[in-house]
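Hi,

Here is the structure I promised to pass on to you.

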Amino acid sequence: MKSRKPCASAKKIRAYICDTAELVNRALDEGKSVLFEGAQGTMLDIDHGTYPYVTSSSAISGGATTGVGVPPTKIKQVLGVSKAYTTRVGSGPFPTEMPDLEAREVRERGKEFGAVTGRPRRCGWLDLAVLRYAKMLNGIDSLVVTKLDVFDTQREIQVCVGYKYKGSPLNEMPALAEVYERVTPEYKTLPGWCQSTYGLKDNAKLPKAAVEYMRFIGDFLQVEIGMISTGPERDATIVPQETQLARWLE
């Protein structure tokens, strides 16, 4: 069998190909900082998500160890990321999904359309039952809340604090999608702030109601709010100085 000569593209990238598990572990052993970025959301995890409406791999923090090839003891901090509301693409259970009119406003303000397909995302109120589950599975140390400015026009904000199934409270996330599709969310109503937070970079300039919204999330989850995003620009970001995340970034 004749051997093939490497094509021009292969020659260009040859110097960048290696055993990445060796590369990353060597960097960690040398005391270097390594950032692992996950894709998809916790509820799309093949083992712990809303099966069969899941992706094909592990979407939780532990997936970094199996996917990259580093031991779990090498991961020192876990940063969770959540929008100020909840979205879902395609089919699957979505207890906090908004009615059409409310969802349309959030979708348009948050530009919630598929980047490739342009398909509208389903939008709903923030689901703290899901976030609490995600915190447990991922070991989240600090939470980033994005798109806070999307709620600038809301007079009241609903926050899901738990579920009921057939009239009884659920203390655990449903294991079956058919049960999850039939849960009734329990809401806490919080006041909106009805003023612009777009582009804010200073925590002290946030409206009082927005601060209370962040505080409610952090207190419920027992996790710090380490970063708040107030717009699509990279610098439209608030990092409260007293947080653990601020110390990580120093």
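Asn25 touches Gly69, Val70, Pro71 and Lys74, leaving out residues up to four places away in sequence; a contact here means heavy atoms within 4.5 Å. Asn25 itself sits in helix 2, residues 20–29. Helices (H or I, at least four residues) and strands (E, at least two) are DSSP runs, numbered from the N terminus. The Asn25 side chain reaches the backbone oxygen of Gly69 at 2.9 Å. At 16% relative accessibility, Asn25 counts as buried, where buried means under 20% relative accessible area, exposed over 50%, and partly exposed in between (1.4 Å probe, protein chains only).

Before you go further, a word on what you are looking at. This is a predicted model, in which local features need pLDDT of at least 70 and side-chain atom pairs count only at pLDDT 80 or more, while totals for chains, interfaces and linings use all residues. Residues are numbered from 1 along each chain as its sequence is written, and side-chain values use heavy atoms, with hydrogens and water left out.

The chain as a whole

The protein chain has eight helices and 10 strands. Its C-alpha atoms fill a box of roughly 70 × 45 × 35 Å, taken along the principal axes. Of the 250 residues in the protein chain, 39% are buried. If you look at contacts between residues at least 6 apart in sequence, 68% of them join residues at least 24 apart. The accessible surface comes to about 15500 Å², and 51% of that belongs to carbon and sulfur atoms; these areas come from the Shrake-Rupley method with a 1.4 Å probe, and for residues, only the protein chains shown count as cover.

On charges, the mean positions of the 33 positive and 30 negative ones are 8 Å apart. Lys and Arg count as positive and Asp and Glu as negative, with His and the chain ends not counted. The place of a charge is taken as NZ of Lys, CZ of Arg, CG of Asp or CD of Glu.

Aromatic rings

The structure holds six aromatic pairs. Rings of Phe, Tyr and Trp (its six-membered ring) pair if their centres lie within 6.5 Å; planes under 30 degrees apart count as stacked, over 60 as edge-to-face and the rest as tilted. The rings of Trp193 and Tyr213 have centres 6.0 Å apart and planes at 45°, so this pair is tilted. It links distant parts of the chain, with Trp193 in the loop between strand 8 and helix 7 and Tyr213 in helix 7, 20 residues apart. Both partners are buried: Trp193 has a relative accessible area of 7% and Tyr213 one of 1%.

Phe216 and Phe220 form a stacked pair, 6.4 Å centre to centre with 25° between the planes. These two both lie in helix 7, four residues apart, or about one turn of the helix. Phe220 is partly exposed, at 24% relative accessibility. There is also a cluster in which ring pairs link Tyr85, Trp125, Phe151, Trp193 and Tyr213.

Two buried residues

Thr197 is found in the loop between strand 8 (184–191) and helix 7 (208–221). It is buried, with a relative accessible area of 0%. Beyond its neighbours within four places in sequence, Thr197 is in contact with Leu148, Asp149, Asp152, Leu206, Pro207 and Thr230.

Cys160 is in strand 6 and is likewise buried, at 0% relative accessible area. Its contacts outside four places in sequence include Thr96, Leu126, Asp127 and Tyr187. Cys160 and Met98 are 62 residues apart in sequence and 12 Å apart in space, C-alpha to C-alpha.

Backbone points to check

Most residues other than glycine have a negative phi, and most peptide bonds are trans. The peptide bond from Tyr51 to Pro52 is cis, with omega near 10°, and Pro52 is placed in the loop between helix 2 and helix 3 (63–69).

Lys111 has a positive phi, near 50°. This residue lies in the loop between helix 4 (100–110) and strand 3 (122–124) and is exposed, with a relative accessible area of 64%. Phi of Lys147 is positive too, near 60°. Lys147 belongs to the loop between strand 5 (142–146) and strand 6 (156–165) and counts as partly exposed, at 23% relative accessibility.

Best wishes

Conventions: A polar contact is a pair of N or O atoms within 3.5 Å; within protein, one must be able to donate a hydrogen and the other to accept it, and residues adjacent in sequence count only if both atoms are side-chain atoms.
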